[in-house]
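Here's a quick briefing to read with the model open beside you. Take it topic by topic and find each part as you go.

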Amino acid sequence: MRSRKAVALLMAPLVGVLTLTACSTGGSNDASPTESASIDQDWSKAEPITIDVFDGLANYQGIQSGWFGKIVEDKFNMKLNIIAPNVAGGGDTLYNTRVAGGNLGDLIVTDKGQKMDELIQGGLLLDASKYYGSMKNLGAYDAAVKKLNDGKNGTYGFPTQVSSHKPTDSSEGLDPTFGTFVRWDYYSELGYPQVNSLEDLLPVLKQMQAAHPKADNGKPIYAIELFKDWDGNMMVMAKQPACLYGYDEMGFVLAKADGSDYQSIVDSDSAYVRSLKFYFDANQQGLVDPESTTQNYDTMFSKYQNGQALLAWWPWLAQSAYNTTDNVGAGKGFELLPIKDQKVFSYGAEVYGGKQIFAIGSKAKDPARIAAFLDWLYSPEGVRASGSQTMGAAGPQGLTWDVKDGKPVLTDFGSEAILGGGEAEVPAEWGGGKYSDGVSALNATTVLPIDTDPETKFPYNYKYWPSVQEATKTALSDDWSSHMGDATSTMDYLAKNDQVLVGPGSGYAAPADSSEIEAIRNQVKASIVEYSWKMVFAKDEAEFSSLLKEMQDTVDGLGYQKVLDFDMANAKAQNDARVAVVDAFK
């Protein structure tokens with residue numbers, strides 16, 4: 001999901017500079033990086049190839065199939081073999097193994113900043129300067145490309161989530177990245193009780209679960225679902241409630257969007273520990289799914305699809321899984337339940353690009369063809385086709401949408417496929433299979449969906465299209481709007497009620513961990529994650545408090561303060577960059 005995983009956590013570096021510098025320092029391509037090399041040719045007539053795509057955001061592993069795979073094959077005679085550490089498991093093992101072998105992949109999706117710098121230093125990324133001059137679609141975002149590669153003596157990476165919006169504009173569109181999304185139909189049965197704080201959610205959730213103990217499939221309903229797949233510097237699900245109060249993470253620091261507060265996550269009064277206590281209290285009341293300690297994201301997602309969950313911190317989880325045409329037509333679905341004291345963190349539009357990059361591997365097969373593919377991803381057609389469905393990607397014109405009376409509209413198939421949960425069968429001439437199975441597995445957004453499509457003159461995000469907004473009105477959305485001051489969307493409500501805090505999009509990327517910092521971090525984060533899960537499922541409050549103290553003492557003994565000082569400096573530098581970019585784009 002976005003770049004969706006990417007905003008749920010900021011992954012810690014997986015290997016240090018010393019590991020990378022042991023690798024090969026270059027690829028086997030003969031052309032000098034300073035030479036000009038055109039990518040303009042009919043790649044559909046080139047020899048067929050399969051490229052390895054090492055993708056730190058992907059939630060699927062294997063050959064890209066379905067309609068997106070067919071588009072790529074028809075245009076470039078190229079298949080994408082997705083290598084996804086999120087799926088492969090084993091933590092850092094897959095990344096380290098491939099890095100040690102000197103070949104991470106032909107096409108790489110990774111973090112900018114420390115990860116990118118490490119890979120350049122280790123010789124695993126190609127200087128694509130010779131191709132960049134003919135990458136016309138990316139040329140529209142030249143300022144972001146130059147900013148990303150500033151001081152790197154080449155063009156090694158291409159930014160994701162580029163935008164023409166101001167850095168103080170929310171980047172998310174109609175829905176925030178974070179929020180308290182509940183089964184609104186069950187909540188309405190309680191008479192719409194006001195929720196004043198995070199903790200006030202629990203009695204509401206308890207009543208909802210008591211009234212609806214089982215889903216339609218006969219399996220138990222739990223208010224809260226957790227999973228471990230994305231744990232990094234901390235338990236990722238314990239970070240999410242902190243985002244409701246304007247915080248986001250920088251290593252072991254929770255930093256407020258406006259620069260007014262910085263917290264060590266292990267402090268007893270931190271928003272992170274508050275979240276752990278929230279989950280502990282929920283579990284004491286029987287509101288947490290006991291399978292949370294063993295299930296993965298996919299298993300959890302299926303429970304949302306089946307109506308077995310009542311709360312989600314992300315709209316792209318709950319609403320994409322459950323708010324199908326049939327469900328909302330029956331008055332069932334997830335909507336935002338605002339907390340009175342919230343100030344939800346929002347990512348500002350990244351004028352210099354987001355936290356992830358595309359890069360070509362230094363040993364890539366046919367790098368010119370990969371450069372052409374990358375450039376296409378930034379074209380209007382590529383943006384629509386490769387974007388995340390949960391972020392409002394419209395898909396391919398002629399299949400899921402078309403232009404009618406000068407305005408974009410979903411086709412009958414598009415309505416069934418996109419609004420109906422992705423189960424629709426794609427016609428054979430478009431690649432066949434379920435529509436959702438054919439969605440781009442890259443899971444990386446090139447251009448923000450809220451940006452205007454130069455061909456349709458409407459936002460890329462189909463949810464903004466007047467035709468879709470009219471077609472998707474339901475009794476559920478009308479009821480929500482009527483109780484939210486006639487708000488037209490969750491972001492509309494939050495903005496009108498001063499409940500959103502934007503972290504300006506500065507393009508800041510933290511510097512690489514030193515080998516010492518990395519070694520300490522890896523030990524510390526493992527302890528934090530381990531103790532966090534134990535605290536959530538502690539038998540009583542005394543054990544919760546004891547485990548918290550034990551965690552604090554353990555990480556202090558491992559050198560936590562040294563890494564915290566580093567992360568704190570980075571968090572403050574990020575705020576300086578935010579202040580600077582706001583001044584630059586006034």
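Start with Tyr-531: leaving aside neighbours within four places in sequence, Tyr-531 is in contact (heavy atoms within 4.5 Å) with Leu-547, Glu-550, Met-551 and Thr-554. Keep in mind that this is a predicted model, where local features need pLDDT of at least 70 and side-chain atom pairs count only at pLDDT 80 or more, while totals for chains, interfaces and linings use all residues. Residues are numbered from 1 along each chain as its sequence is written, and side-chain values use heavy atoms, with hydrogens and water left out.

**Tyr-531 and its helix**

- Tyr-531 sits in helix 23; helices here are DSSP runs (H or I, at least four residues) and strands are too (E, at least two), numbered from the N terminus.
- With a relative accessible area of 10%, Tyr-531 is buried (buried means under 20% relative accessible area, exposed over 50%, partly exposed in between, with a 1.4 Å probe and protein chains only).
- Tyr-531 and Gln-552 are 21 residues apart along the chain, and their C-alpha atoms are separated by 9.6 Å.

**Helix 23 against helix 24**

- The axes of helix 23 (residues 515–536) and helix 24 (residues 541–557) come within 9 Å and cross at roughly 180°; axes are lines fitted to C-alpha atoms, for helices over the stretch in contact, and angles run from 0 to 180 degrees between N-to-C directions.
- That makes helix 23 and helix 24 roughly antiparallel to each other (angles over 145 degrees count as roughly antiparallel, under 35 as roughly parallel, 65 to 115 as roughly perpendicular and the rest as oblique).
- Helix 23 brings Val-524, Ser-527, Ile-528 and Tyr-531, among others, to this contact, and helix 24 brings residues including Phe-544, Leu-547 and Met-551.
- By type, the residues of the contact divide into 9 nonpolar, 3 polar and 2 charged; Ala, Val, Leu, Ile, Met, Phe, Trp, Tyr, Cys and Pro count as nonpolar, Asp, Glu, Lys and Arg as charged, and the others, Gly among them, as polar.

**Nonpolar cores**

- The largest nonpolar core has 102 residues, and Trp-313 and Ile-528 touch the most other members; such a core is a set of buried Ala, Val, Leu, Ile, Met, Phe, Trp, Tyr and Cys residues joined through side-chain atoms within 4.5 Å.
- Helix 23 gives this core its largest share, 9 residues.
- Another core, of 64 residues, lies apart from it, with Leu-107, Ala-144, Phe-158 and Trp-376 among its members.
- Not counting residues up to four places away in sequence, Ile-528 touches Phe-252, Ile-265, Met-551 and Tyr-560, among others.

**A covered helix**

- Helix 15 (residues 315–322) is mostly covered, with 7 of its 8 residues buried.
- Among those buried in helix 15 are Trp-316, Leu-317 and Tyr-322.

- Strand 14 (residues 401–404) and strand 15 run antiparallel, joined by 4 bridges.
- In the hairpin of strand 14 and strand 15, 2 residues lie between the strands, and Asp-405 takes a positive phi near 55°.

Technical notes
Pairing = 2+ DSSP bridges.
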